Amino acid sequence: MKRYQQYIMPVLCLIVVLAVWEFSVQFFAIDLYVLPAPSDIVKAIGSEFGTLWMHSMVTLQEAVIGLLIATVLAVLIAILMDLNRTFRHSVFPYLVVSQTVPVMVLGPLFTMWLGFGLAPKILMVVFMCFFPIAIAFSDALQHVNRNQINLLRSFGANLLQQYLYVKIPTAAPALFSGLKVSATYCIGGAIVGEWLSASAGLGYYMIRVKNGFLMDKVFACVIMIVIWSLLLNFAVTLLERILFPYTRKRKGVL
């Protein structure tokens, strides 16, 4: 029954929504440039799949590179904040303030500073993905059981061993929680960068078809963005299960 509610019910809900959507568009004869039917979107995906795939590879490259850079920076900053309280108190307020600046405001600045290549899109992704990872990992490091650290110290463990054997494994679930959030954000960050300046990518493709009022292709592009975001989120989940399989046992996953 639990598995039924977890998997079957969302699928049934989606089917009902799509059926109502399809019926409404057909019954009320809504124009394609206003709201395409699900069947029109499926046809657009089929006819434009090659183009969508090509643009997807550009966006995916920007998103993955930005996510990797954000992860490395976030882990380093989080460890430094854990090591030094003065550094934490100095940096943390600016991390919070950085999230109050609208991304669309920074985009033109990044473009003027870095040009029209990959760099401003990657920096946009880094800006969007850094905060969730850094905050989640930093907070988890702060709440590591001190008794475990003291036990390691009694055995003569150095600082590196304390992090490798206790702190990082204990904080890993929080780190990957932040990574899952950022993996969902990174595609959106790349898209925003492509809206501002690009010659390829899903954001560029979306702007082009939107200007032509090809709403079925706009929705097809949105579907591709959702799929890639979910796949990246799944990839992070799979990586967590490979690197830290004990986290599944904590959650009661067989």
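## A buried tryptophan and its partner

Trp228 counts as buried, at 12% relative accessibility; buried here means under 20% relative accessible area, exposed means over 50%, and partly exposed is in between, with a 1.4 Å probe and protein chains only. This is a predicted model, where local features need pLDDT of at least 70 and side-chain atom pairs count only at pLDDT 80 or more, while totals for chains, interfaces and linings use all residues. Residues are numbered from 1 along each chain as its sequence is written, and side-chain values use heavy atoms, with hydrogens and water left out.

## Ring pairs

Now for the aromatics. Rings of Phe, Tyr and Trp (its six-membered ring) pair if their centres lie within 6.5 Å; planes under 30 degrees apart are called stacked, over 60 edge-to-face, and the rest tilted. That rule gives 7 aromatic pairs. One of them is Phe23 with Phe27, a stacked pair at 5.4 Å centre to centre and 20° between the planes. The two sit 4 residues apart in helix α1 (residues 2-27), so about one helical turn separates them. Both are out in the open: Phe23 is exposed at 52% relative accessibility, and Phe27 is exposed at 56%.

Back to the tryptophans: Trp53 and Trp228 have ring centres 5.8 Å apart and planes at 50°, so this pair is tilted. It ties together distant parts of the chain, with Trp53 in helix α3 (residues 49-83) and Trp228 in helix α10 (residues 215-243), 175 residues apart. Trp53 is partly exposed, with a relative accessible area of 42%, whereas Trp228 is buried. As for clusters, ring pairs join Phe23, Phe27 and Phe28 into one.

## The overall fold

The protein chain has 11 helices and 0 strands; helices (H or I, at least four residues) and strands (E, at least two) are DSSP runs, numbered from the N terminus. The C-alpha atoms fill a box of roughly 75 × 55 × 30 Å along the principal axes. Of the 254 residues, 38% are buried.

Take the contacts (heavy atoms within 4.5 Å) between residues at least 6 apart in sequence: 72% of them join residues at least 24 apart. The chain exposes about 14600 Å², and carbon and sulfur atoms supply 72% of that area. Accessible areas come from the Shrake-Rupley method with a 1.4 Å probe; for residues, only the protein chains shown count as cover.

## One cavity

A search of the whole structure turns up 1 cavity of 30 Å³ or more. On a 1 Å grid over the protein atoms alone, a cavity is a set of points where a 1.4 Å probe fits but cannot get out, and lining residues have an atom within 4 Å of a point. The largest cavity holds about 40 Å³ of space, where the volume is the space filled by probe spheres set on the points, joined across faces, edges and corners.

Its lining includes Phe110, Lys121, Met124 and Leu196. Helices α5 (103-114), α6 (118-142) and α8 (159-196) each supply at least two lining residues. The lining divides into 4 nonpolar, 4 polar and 1 charged.

## Two positive phi values

Most residues other than glycine have a negative phi. Ala29 has a positive phi near 55°; Ala29 lies in the loop between α1 and α2 (38-47) and is exposed at 58% relative accessible area. Phe213 also has a positive phi, near 55°. Phe213 lies in the loop between α9 (202-211) and α10, and is exposed with a relative accessible area of 58%.

How values were computed: 1 Å grid on protein atoms, 1.4 Å probe; cavity = no way out; pocket = protein on both sides within 12 Å on 5 of 7 lines; lining within 4 Å. Nonpolar A, V, L, I, M, F, W, Y, C, P; charged D, E, K, R; others polar.
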